[in-house]
Structures are given as structure tokens and as C-alpha cells.
Amino acid sequence: VIYSRSRVFLLYYSSVDRKVISYLEPFEEILMDHFNATSRRDDFSGIIRVRSAPTFPGRHSSSGPSSTSAVSLAPPGSMALLLSTGVFAMYHHHHDRKALCRLTRHDFINRGDAELDELDPVADFCFGCPDNNDDSGSSLGELSLFLLHRSGDIYGVAPLCFDGSVVHRDTMLARLEILEEELRNLRPPLLSRASSPGKIMMKIDDVMTNDAKWRQNKASMRWILDVYGDLSISSDTNRNSHYVTARLESASSKSAMNWPLTLQGPLIYGRTEVGEDGVPCTAASIIEHMESPRSCPMSLFAIGRESGQLDICALSAPLRMRFALESEVDARVLGDETTGSGAVVQTVTFDQDDHLDEEIPSSLK
């Protein structure tokens with residue numbers, strides 16, 4: 001895959017002839033609409049980033065069968081694009097080259113404050129990765145998307161997946177089991193208890209939090225079952241297989257797969273103060289999700305800033321599956337749990353001039 005500010009090419013290369021035999025432009029229609037609708041032609045307009053679909057071959061451990069639960073494989077050629085307007089598009093590639101280009105339009109900006117959006121545009125995005133500290137594979141991991149603004153603020157979106165993506169069946173079963181366990185610990189929504197208000201002995205804030213989480217968990221379970229289908233090993237599609245496949249192309253219009261997603265955050269607020277080395281804080285330009293060590297129960301990110309600065313960020317609260325169908329009350333209650341749940345834990349400044357002035361060892365000349 002190669003791309004510029006205005007075009008994206010998917011190349012088909014022949015290892016026999018050692019040359020490109022064909023190509024296609026998977027986002028051609030989307031990009032034409034974008035440039036026809038905007039008059040901006042500066043460095044921050046057009047394509048911000050194109051990334052291949054996340055693929056994680058899994059890891060080996062002494063924990064038994066769950067050691068393969070982190071496996072997640074997306075079809076080769078699948079990719080995602082982010083435009084300066086906040087439009088996020090996913091290209092779902094199929095081996096017969098008859099790919100389905102599914103456009104997921106999310107305004108990854110704050111609609112309520114257009115002036116703020118102009119001052120702090122989106123700068124980059126990355127996908128999440130499986131959590132090394134979770135042998136059950138129950139974290140959202142590869143279903144997560146993280147967006148970086150030039151201020152350094154990080155937002156999140158979940159769930160997202162590519163059509164045809166393969167994931168270990170135990171991973172999805174573990175996610176369902178956790179949601180079911182949380183539902184058992186939660187009470188049904190307040191509306192179902194309205195007939196006996198005198199027996200409700202809890203604060204109104206607790207009631208709203210309980211009800212919001214109950215509805216959010218039910219929606220998450222619906223999404224998993226609609227996208228991956230029957231997860232039981234006895235089903236026709238999963239018979240004799242340890243893996244399940246995301247099926248988006250055949251989803252009906254009522255499927256949870258078509259539900260609009262909620263932008264969560266800011267999960268981490270960007271650093272604004274001058275660093276300990278006295279270097280002013282510059283604009284953020286790139287984000288990468290780091291694989292966290294097993295001793296660190298957090299999600300780690302590396303934020304690259306202009307002038308060679310690097311921020312290491314830690315996110316303590318995992319993303320939840322959230323959809324834009326939430327009421328204003330539910331959105332506020334659920335948002336309070338994740339907003340500001342991470343922080344910048346370390347800042348490093350790379351001085352390129354000093355590095356170039358260093359004498360090159362004779363052994364490397």
C-alpha cells in the first residue's frame with residue numbers, strides 16, 4: 001500500500017515477474033467526495049493516515065490453551081483511512097479481489113465546538129492490540145481504535161473490526177462471559193422497578209450508573225453475537241474450528257454491526273507544560289500503541305511530537321463497547337468513567353543535532 005495526501009493505491013506484485021501487475025484505488029470515491037466538499041489545500045487537509053488492518057499472530061505462554069487466545073488475523077489488503085475532516089473509512093479486502101469498501105463515517109471531532117476543532121485537528125490514529133496481562137483475551141484489544149489530536153489528547157472508539165477477520169473463539173467467549181457476569185451483578189433498569197419505588201434504597205447517581213452499564217453490556221453482547229454469530233463449537237460454522245470469523249457483508253440493516261459508535265474521551269489529556277529539559281511542548285503528530293510488559297496492567301502509547309519530543313502515555317481503564325444510541329444521561333455516566341483515565345508518564349526529547357555531532361566509532365566506519 002502506498003499513499004499521498006490525495007490518493008491511495010493497493011498494488012498487486014508478482015514475485016515471479018518481480019513487478020507490479022495491477023493496482024486499484026480503494027478509496028477513490030471517498031476521496032473525490034472529500035476534495036469536492038472542501039476548499040482546503042494546506043498541509044493538514046486530505047489524507048492524514050492509512051494503516052493496514054491489525055493482525056496479531058498470538059503468543060506462547062505456559063497458561064495452556066489460552067496462550068493462543070490473542071490470535072487475530074485480518075484479510076491481507078484490508079486497510080483504514082483517516083481524513084482531515086474526521087471521516088474514517090475501512091476497506092474490507094477479499095481474496096477474489098471483489099472487495100467491499102465499507103465507509104464508516106464518524107465525525108471524530110467535537111461537533112459542539114467548531115472553533116475548537118479548527119484549533120485542535122485530528123493528527124493520527126492507531127489500532128489497539130491484545131493485552132499481554134489478560135490471558136483470557138477478554139480486553140477489546142484489536143477491536144479498539146485510538147485517535148490523536150495535535151494537542152496530544154487521545155480519544156478512543158470501540159468496537160471496530162474488518163470483514164473476514166479471524167479471532168480465537170475462546171477470546172470472544174471470554175468477552176461474552178465477562179459481560180454476562182457483569183449483568184448478573186447489575187440490577188435491571190430502573191423502569192422495570194417503577195411499581196415499587198419505596199423498595200429502592202440507593203442513591204439516584206448509583207441508579208443511573210447501574211442502569212447505564214446494564215444497557216451498555218446488553219448492547220455489547222448483541223454486537224458480538226450479530227458480528228460473530230453462534231460461538232458454540234457445535235454450530236455449523238464453528239464445527240471442528242477454534243476460530244470464528246467476523247461477517248459484516250451479510251449483516252442485515254437491523255444488525256448491531258450497523259449501529260453508530262460513540263467517541264470516548266479524551267482518555268488522556270495532552271501535555272501542555274514545558275518539559276523538564278526546558279523544551280516547549282510542540283504539536284503531536286503520530287501515535288503508536290505499545291505492547292505492554294506483563295508486569296504493567298495498562299495500555300501504553302508513544303506520542304511523537306514535533307521537534308523530536310516523545311511522550312509515553314499509560315491508560316488504566318480499558319475501552320468499552322459504546323454506541324451512539326445512548327441517551328444523554330447514559331453517555332455522561334459512562335463517559336465519566338473513562339475521561340481522563342490515563343496520563344503522560346514520561347517525556348523524552350531527542351536532540352538530533354547533538355546526535356550528529358557525536359563521533360562515529362571506528363568499527364562502524
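**Entry 1: helix H3.** I looked up arginine 184 and glutamate 181, which sit 3 residues apart in helix H3 (residues 169–185) and are therefore separated by about one helical turn; a helix here is a DSSP run (H or I) of at least four residues, numbered from the N terminus. The model is predicted, so I note that local features need pLDDT of at least 70 and side-chain atom pairs pLDDT 80 or more, while totals for chains, interfaces and linings use all residues. Residues are numbered from 1 along each chain, and side-chain values use heavy atoms, without hydrogens and water.

The two side chains meet in a salt bridge at 2.6 Å, N to O, the term meaning a side-chain nitrogen of Lys or Arg within 4 Å of a carboxyl oxygen of Asp or Glu. Arginine 184 is exposed at 58% relative accessibility, whereas glutamate 181 is partly exposed at 37% (buried is under 20%, exposed over 50%, partly exposed in between, with a 1.4 Å probe and protein chains only).

**Entry 2: helix H4.** I found arginine 222 in a salt bridge with aspartate 226, with the closest N and O atoms 2.6 Å apart. They are 4 residues apart in helix H4, about one helical turn.

I then found lysine 213 bridged to glutamate 337 at 2.8 Å. Lysine 213 lies in helix H4 (residues 204–228) and glutamate 337 in helix H5 (residues 328–338), so the pair ties together parts 124 residues apart in sequence.

**Entry 3: the whole structure.** My search gave 14 salt bridges. I noted a network of salt bridges linking Arg49, Arg51, Asp124 and Glu288.

Technical notes
Helices (H or I, at least four residues) and strands (E, at least two) are DSSP runs, numbered from the N terminus.
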